[in-house]
Every structure is written in C-alpha cells, then in structure tokens.
Amino acid sequence: MDNMNDETLNKMVVMLADEMTKRIYGITKEESREELSFYADEDEDHCLGELARLMTLSNIYQEREEYEKCAAIKKHIDRINKTLDNL
C-alpha cells in the first residue's frame, strides 16, 4: 500500500464503488451503468421527479438538523421551480 500513488488509489476507489453499486442494485457485469438511471420523456415530468427527490432530501436533512445542506438544496429547488414556471 505504501507504493500506491493518489491516481492508483482513486482508480481503486472508483472500481470498488462501482462494484458495490452493482451488488446493491443487483446489476450484472453485462449491464451498463446507464441502465441505473431513468429519464422521463418530457422535461416537465423530469423536473417534477427531481423536485420530489430534492424535497425528500431536504426533509431528511431537516430531521438531522443539517441546515447547510438544506440551504444548498433550496437553491436547486428554487431553480427547478423557475424552470417549471417557464415550461
């Protein structure tokens, strides 16, 4: 481990995270990473889904009293709401 540089260590971390994600979601090696994400056909549907995700995270962070994270998420929520108003 002493001979390992930052680049090699970062590659190992990425590989490990990728394998853990595959195991958690039950993805075989043949399946691609793109199959993990789903994007709605319409922009409004995608925005609403992202808004729901961010609101859920905001609630979790409020319960944990992690208010800095809530403030960061609020900026994203405001941006999505502005996008929805323009659709």
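The model is predicted, with local features needing pLDDT of at least 70 and side-chain atom pairs counting only at pLDDT 80 or more, while totals for chains, interfaces and linings use all residues. Residues are numbered from 1 along each chain as its sequence is written, and side-chain values use heavy atoms, with hydrogens and water left out.

Q: Why is S58 called buried?
A: Buried means under 20% relative accessible area, exposed over 50%, and partly exposed in between (1.4 Å probe, protein chains only). S58 has 12% relative accessibility, so S58 counts as buried.

Q: What places S58 in a helix, and which residues does S58 touch?
A: Helices are DSSP runs (H or I, at least four residues), strands are runs of E (at least two), and both are numbered from the N terminus. S58 is in helix α2, residues 43–63. Contact means heavy atoms within 4.5 Å; leaving out residues up to four places away in sequence, S58 touches C70 and I73.

Q: What makes the largest nonpolar core a core, and which residues make it up?
A: A nonpolar core is a set of buried Ala, Val, Leu, Ile, Met, Phe, Trp, Tyr and Cys residues joined through side-chain atoms within 4.5 Å. Here the largest has nine residues: C47, L51, L54, Y61, C70, I73, I77, I80 and L84. Two or more residues come from each of α2 and α3, and α3 gives the most, with five. In soluble globular proteins, nonpolar side chains tend to be buried together.

Q: How do you know that C47 and C70 are buried?
A: C47 is at 13% relative accessibility and C70 has a relative accessible area of 10%; both values are under 20%, so both residues count as buried.

Q: How many disulfides are there?
A: A disulfide is a pair of cysteine sulfur atoms within 2.5 Å. By this rule the count is zero.

Q: What makes the phi of E65 worth a remark?
A: Most residues other than glycine have a negative phi. E65 is not a glycine, yet has a positive phi of about 60 degrees. E65 sits in the loop between α2 and α3.

Q: Why is E65 called exposed?
A: Its relative accessible area is 56%, which is over 50%, so E65 is exposed.
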